[in-house]
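User: Hey, can you walk me through this one? I'm new to it.

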Amino acid sequence: MDTSDYAFPPSVETLYCDHHSWLQAWLRRRLGNAADAADLAQDAFLRLLATPRKFGSLPEARVYLRTMAGGLCVDLWRRRRIEQAWLDTLAAQPEARAPSAEHQAIVLEALQEIDRLLRSLPVKAAHAFVMSVGSGMSEKEVAAELGVTTRMVRKYVAQAMLHCLETL
Amino acid sequence: MSAADTPPKRQQSATVPGHAVLQQAAEWFALLQSGEATPADRAAWQAWHDSAEAHRIAWTRVDRVGQLFQPIQKTPDPRGAVGAYRSATIAVGRRRLILGLAALAGAGLAGSVAWRPSLLPGLFLAWTADHRTTTGEVREVLLGDGTRVWLGTASAFDEDFTPALRRLQLVAGEILISTAADADRPFVVDTPQGRLRALGTRFTVRLEDGDTRIAVYDGAVQAHAADGTSMVIHAGWRARLTPQGLSPAEPVSPASEASTRGLYIAENDPLDVVLRELGRYRTGYLSVSPEVANLPVFGSYPMTDPDRALAMLESVMPIRVSRPMPWWIRVGPR
């Protein structure tokens, strides 16, 4: 293909034809799983449909799509990690204390949503916030758990809340 | 300052809480959440919350963030769920830590020092006033001349009697006054928005949202606004003194007199109005979901016992009262 084709903004259809197969192959190499790769490639193009962009050239489109797909991989990876940790926690719990299947799914979704919201924060700030608000631990308990002062915990909670207020 | 150029400014600052306001909200949240907040802290938070529309809007956003955690709080083992989150995010942290710190460097909390003192004047005056009540308290005071004053929740006034004048200065909240007759010494109540002169009477004065609200039950009150205008408010009427002057008088409801004594009489009042009034009697945050905010409420409720009033409301209405945190009450559909 001649790069001059990109002198005019290409349609998503054109982009799809030009890029879908290499993107899916690239994702498959990263994820080691064809089904996930297909899903994420699809996601990437859906996002492009939602917010169309102009690309000056074929390599520029490729760089953009690769960056976006990379972000989607990280998303998927973090969601999976949380899902696995939650399943491990449930498995370790006595039968009687386990929440219903529906509630288990709701909790998982909440944990993933919270992670998405807090992921750009320093880990300790995010953890202090989630321990304090999610499990109602006192400042002293959180401080002992993180090995920081209670003053630091207060700062972390404020920092995380401010971040949420400005992001939501 | 003309009245014409202020409303748009007010509107703007009211609808979009800026960074500074969000930062204050976050700091308040951290304090209330810490388990170390004193009653004075909660009163100071309440004053902050009530003092501006932007603060209230910011706090509804705090509420929204809090709601994200509800499924975790409700699970039989919240610590287990939080532990799962921590173990899943701890190892991926290093790179994020560096990126996160860079992103947050500009959004530090250094500004927090700047706003605290601005809260102080009103609160400080209330703490040092001659007569005051804490949140949830209602008290009767007998003054030297035989005048009776009932202080509503979180209210304060100063008493300044001279041989020529009986003067009260309302500093916070609401008072109901039943004046004793004294032909030689006029009785006045001063508020930040003007002066009220009693003409043999029983009336309430309330500071709310930067206005003075007056309701007269017996006799009459002459109200003088800061801009020099004045009017006589007769028994059965109420009016407001605002920074822009006096509002026209309207008929008064008997319920508002009862309120100074800690009883709320609801006659087809929307639920959010009743809850807002109840909120004045307790420290902490009370949120109501939009689906139930407009449900009509009937009956009388003891405001001095907010937990009982809430239980009564819950028993007669299709609502559910939950307490995500000890200082936080949320009212939603059942």
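User: Where do I start with confidence, say the ipTM and pTM?
Analyst: Keep in mind that this is a predicted model. Its scores are ipTM 0.82 and pTM 0.51.

User: And what's the mean pLDDT of chain A?
Analyst: Chain A has a mean pLDDT of 83, with 92% of its residues at 70 or more.

User: What about chain B, where is confidence lowest and highest?
Analyst: The average pLDDT for chain B is 78, and 81% of the residues score at least 70. Confidence is lowest in helix H7 (residues 93-104) of chain B, where the mean is 34. The highest value, 93, belongs to helix H2 (residues 19-33) of chain B.

User: Which stretches of chain B fall below 50?
Analyst: One is residues 92-125 of chain B, with 31 contacts in the model beyond near neighbours in sequence. Another is residues 1-14 of chain B, which stay under 50 and have five contacts beyond four places in sequence.

User: OK, switching topic. How many residues does each chain put into the contact?
Analyst: Chain A gives 43 residues and chain B gives 49. On the chain A side, the elements giving two or more residues are helix H3 (58-92), helix H4 (101-118), helix H5 (123-135) and helix H7 (150-167) of chain A.

User: Which of those gives the largest share?
Analyst: That would be H7(A), with 10 residues. Sorted by class, the side of chain A that touches chain B has 23 nonpolar, 11 polar and nine charged residues.

User: Now the strands in chain B. What does E8 pair with?
Analyst: Strand E8 (residues 194-208) of chain B runs antiparallel to strand E9 (residues 211-225) of chain B, and 13 bridges join them. As an example, B:Ala198 stands opposite B:Val221 in E9(B).

User: What's in the turn there?
Analyst: E8(B) and E9(B) make a hairpin with two residues between them, and B:Asp209 in the turn has a positive phi of about 50 degrees.

User: Which other strands does E9(B) bridge to?
Analyst: Strand E10 (residues 230-234) of chain B is one of them, antiparallel and joined by five bridges. There, B:Ala223 has B:Met231 as its bridge partner. Those two strands also form a hairpin, this time with four residues between them, and B:Gly228 in the turn has a positive phi of about 100 degrees. Strand E11 (residues 237-242) of chain B also runs antiparallel to E9(B), with five bridges joining them. In that pairing B:Ala215 stands opposite B:Arg238.

User: I also saw E15, E18 and E17. In what order do they sit?
Analyst: They form an open sheet of three strands in the order E15-E18-E17 (chain B), with mixed pairing. Strand E15 (285-288) and strand E17 (319-325) of chain B are the edges, each pairing on one side only. E15(B) and E18(B) run parallel and are joined by four bridges. One bridge pair there is B:Leu286 with B:Ile329 in E18(B).

User: What lies across that sheet?
Analyst: Helix H10 (residues 271-279) of chain B lies across E15 and E18 of chain B, at about 180 degrees to E15(B).

Terms used:
Residues numbered from 1 in each chain as written. Chains lettered and ligands numbered in written order. Predicted model: local features only at pLDDT ≥ 70, side-chain atom pairs only at ≥ 80, totals over all residues. Pairing = 2+ DSSP bridges. Contact = placed C-beta atoms within 7 Å. Nonpolar A, V, L, I, M, F, W, Y, C, P; charged D, E, K, R; others polar. pLDDT = per-residue confidence, 0-100. Axes fitted to C-alpha atoms, helices over the stretch in contact; angles between N-to-C directions.
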